[in-house]
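Good morning, and thank you for coming.

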Amino acid sequence: MQLRIFTEPQEGASYGTLLSVAQATEQLGFEAFFRSDHYLTMSGSGLPGPTDAWATLAGLARETSRIRLGTLMSPVTFRLPGPLAITVAQVDQMSGGRVELGLGTGWFDAEHTAYGIPFPPLAERFGALAEQLEVITGLWETAEGSTFSFSGTHYTLSGSPALPKPAQRPRPPLLVGGGGQHRTPRLAARFADEYNIPFTSVTGSAAAFGRVREACQEAGRDPGSLVYSVAHTVCCGRDEAELARRARAIGYQADDLSRLELAGSPAQIVDKLGQFTGAGATRVYLQILDLHDLGHLELLATEVMPQVT
């Protein structure tokens, strides 16, 4: 199983803090650093304020050398697909081909209201997501010297030079995720290199993976051509006191940790990761909420990672 670090900077993190976490992620041997793409905190003050996901990743692209970099997930409501394709291609070039794009419908209506971003109904956002995936892959995969055009309900492009090209060819990996039972599996089967199911039990994750595999078969795609991954908040401690301290730092009491799938001692977390492996996951995003506790990363790297990778 591959272990990736996943952060939520909107809860309160400067670029400097994210840089420290990303560089620790690389030095400790994790496979990737991912971040959410949000503009509003969900709890607390959120100070010093939000950081833009792709501006952050552009900076980290130049200050790291090995780890993969990406979003989990960028909402279709934040950016038009043409400019987004340009941005991600440029960051991919800046990183030497280490970027991945997670794209989703978006869900947090309050951040849209707070920053003046339109937030259409879910059905419309799903339609936009399908078109954005088609536009972005079309722009990246169009041969140099040719043009790309698209006419849809939400977006129209005419005679685009489809430049710049990303460093990765034919394109960076695309992630599609979520627990939707119909539209999401079909979009994953059609466009995604990876399907991610976040914050779901072992049983629920296995069922979600099964729906995507069925959608692949219906679309004539090999289900084994996708990566299947999960994302979960992690809280690990060598003993009860350390675990309780880390739990309090992220707003939990020790007796509340049963609500987290990945909480406990290193051995307990290794055991649970094994259960997700049995459900079909080959990659896990470890959501780190206390971005100042680099010792937490070190503990996971030294006592969990060697037993699962």
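The structure holds zero disulfides, a disulfide being a pair of cysteine sulfur atoms within 2.5 Å. Cys236 is in no disulfide, and the nearest cysteine sulfur, that of Cys235, is 7.9 Å away. Cys236 is buried, with a relative accessible area of 0%, and Cys216 is buried with a value of 0%. Buried means under 20% relative accessible area, exposed over 50%, and partly exposed in between, with a 1.4 Å probe and protein chains only.

This is a predicted model, in which local features need pLDDT of at least 70 and side-chain atom pairs count only at pLDDT 80 or more, while totals for chains, interfaces and linings use all residues. Residues are numbered from 1 along each chain as its sequence is written, and side-chain values use heavy atoms, with hydrogens and water left out.

I turn to the pockets. On a 1 Å grid over the protein atoms alone, a pocket is an open set of points where a 1.4 Å probe fits, with protein on both sides within 12 Å along at least five of seven lines; lining residues have an atom within 4 Å of a point. A volume is the space filled by probe spheres set on the points, which are joined across faces, edges and corners.

How much space lies in the largest pocket? The volume is about 1,100 Å³. Its lining has 44 residues, and Glu8, Met42, Trp107, Phe199 and Gln287 are the closest to its centre. The second largest pocket holds about 210 Å³. Val76, Thr77, Pro118, Pro120 and Tyr155 are the closest to its centre, out of 14 lining residues.

Next, the cores. In soluble globular proteins, nonpolar side chains tend to be buried together. A nonpolar core is a set of buried Ala, Val, Leu, Ile, Met, Phe, Trp, Tyr and Cys residues joined through side-chain atoms within 4.5 Å. The largest here has 79 residues, of which Leu3, Phe30, Trp54, Tyr195, Leu273 and Leu286 touch the most other members. Helix 5 gives the most to this core, with eight residues; helices (H or I, at least four residues) are DSSP runs numbered from the N terminus, as are strands (E, at least two). A second, separate core of eight residues includes Phe34, Leu72, Met73 and Tyr285.

Finally, Ser160 lies in strand 7, residues 156-160. Ser160 counts as buried, at 18% relative accessibility.
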